[in-house]
Amino acid sequence: MDSSPCELCGGEVPLSWERCPHCARPGLFPNVRAAQVPAEREALHRRYSAVVQDAELRGAQQAVEAFEMAARGTKAVMARSFRELDRLSSSTRELFSTYYNLVRGETRLPDGNEWDELRAVADEKLFPGYREHVRFAALSLDGAGLPHYGDCSFVFRESMIAHRTSVYEENSALFLKQHAFAPPPGHRATWEERAKLAVAKHGEEIDATTSPEQFAGMLLGPGATPEEDRFIEAHIWGPMSLRTVERILLTKPRKGQRSARKAIQDRLKGVGLSLEESL
Ligand SMILES: [Zn+2]
């Protein structure tokens, strides 16, 4: 299905459009609508139900329920470099950039590797005609992001992103490659249904002995290379600034950054944020 009816006039709106072509009213964000099509939701529900039924047979029902409850509290987190934190904290007029903005704005060169090509093909498949609007984050229980992308983790405010965020099973570029760029339905979800996706993905790993302390590491964990990182990918449509952020964690504060960190702390105070440093 590549269109869905306008909630207001009933006309068909192509999934990649942000506005109804008939009445021009803004609708839901295209990535969210793509997660809401019946084929996706039904396939996700089947996966989820199978995992829940299996958990009952294994005596793992309570543990899986506890995991689902925890997953409902996950946040979208983006890891970025300290340099990027310095730029973003200079003003709330500074915005988080997408990979495509950076390359097009000639502020960085494309990586020029196999990964670049893969990302481009996968994004066009997942986000036809709107890939440049999508920012990538990961679901996290404890606020920590994936260290391969930098040691500053930005935790986004749910109220600022829930309406425009969808989530995906894992690294979407790799997932699409594995499925010859024709991914089966049931691996993407709206923000509200992210816990269901988390159960469908991880339920089988959970048994009666799994403790809640293990949940954060199941949901997100760095691999030896970025390709081996373990996470549920969050796709956030549209711009974000420091006002979109509720917490910033710095995982590896370095000595040489001391004066820069102090200046950043002072600027963050102005927007009600602070830099949480973990040693
Ligand atoms: Zn309409």
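View 1. Cys6 is buried, at a relative accessible area of 10% (buried means under 20% relative accessible area, exposed over 50% and partly exposed in between, with a 1.4 Å probe and protein chains only). The model is predicted: local features need pLDDT of at least 70 and side-chain atom pairs count only at pLDDT 80 or more, whereas totals for chains, interfaces and linings use all residues. Residues are numbered from 1 along each chain as its sequence is written, and side-chain values use heavy atoms, with hydrogens and water left out. The zinc ion has the protein donors Cys6 (SG), Cys9 (SG), Cys20 (SG) and Cys23 (SG), at 2.3 to 2.4 Å (donors are N, O and S atoms within 2.8 Å of the metal, or 3.2 Å for Na, K and Ca; water is not among the atoms, so sites may look incomplete). The arrangement is tetrahedral because the 4 donor atoms subtend angles of 106 to 117° around the ion (four donors count as tetrahedral if all angles lie between 85 and 135 degrees). Ideal angles for four tetrahedral donors are 109.5 degrees. Along the sequence, the donor residues follow the spacing C-x2-C-x10-C-x2-C. Cys6, in the loop between strand E1 (3–5) and strand E2 (12–14), and Cys23, in the loop between E2 and helix H1 (30–36), are 17 residues apart and link distant parts of the chain (helices, H or I of at least four residues, and strands, E of at least two, are DSSP runs numbered from the N terminus). Cys23 is partly exposed, at 25% relative accessibility.

**View 2. Strand E6 within the open sheet.** The sheet is open and has 8 strands in the order E7-E6-E8-E4-E3-E5-E9-E10, with mixed pairing (two strands pair if DSSP finds at least two bridges between them). E7 and strand E10 (275–277) stand at the edges with a single partner strand each, so one side of each has no neighbour in the sheet. In strand E6 (residues 165–168), Thr165 and Val167 point one way and Ser166 and Tyr168 the other, and all are buried. E6 pairs with strand E8 (residues 233–237) in the antiparallel sense over 4 bridges; Val167 stands opposite Ala234, and Thr165 opposite Ile236. E6 also runs antiparallel to strand E7 (residues 188–190), to which 3 bridges join it, with Tyr168 opposite Arg188.

View 3. Phe154, Phe156 and Ile248 touch the most other members of the largest nonpolar core, which has 46 residues (a nonpolar core is a set of buried Ala, Val, Leu, Ile, Met, Phe, Trp, Tyr and Cys residues joined through side-chain atoms within 4.5 Å). Helix H9 (residues 194–202) gives the most to this core, with 5 residues. A second, separate core of 13 residues includes Phe127, Leu174, Leu176 and Trp237. Beyond neighbours within four places in sequence, the contacts of Phe156 include Lys75, Phe96, Ile236 and Thr244 (contact means heavy atoms within 4.5 Å). Thr244 lies in the loop between E8 and strand E9 (245–250) and is buried, with a relative accessible area of 3%.

**View 4. Helix H9 and Met69.** H9 is largely enclosed by the rest of the structure, because 9 of its 9 residues are buried; among them are Arg194, Ala195, Lys201 and His202. Met69, in helix H3 (residues 61–71), is exposed, with a relative accessible area of 54%. The C-alpha atoms of Met69 and Ala195 are separated by 7.5 Å, although the two residues are 126 residues apart along the chain.

Methods:
Four donors count as tetrahedral if all angles lie between 85 and 135 degrees; four count as square planar and six as octahedral if opposite donors are over 155 degrees apart and all others between 65 and 115; anything else is irregular.
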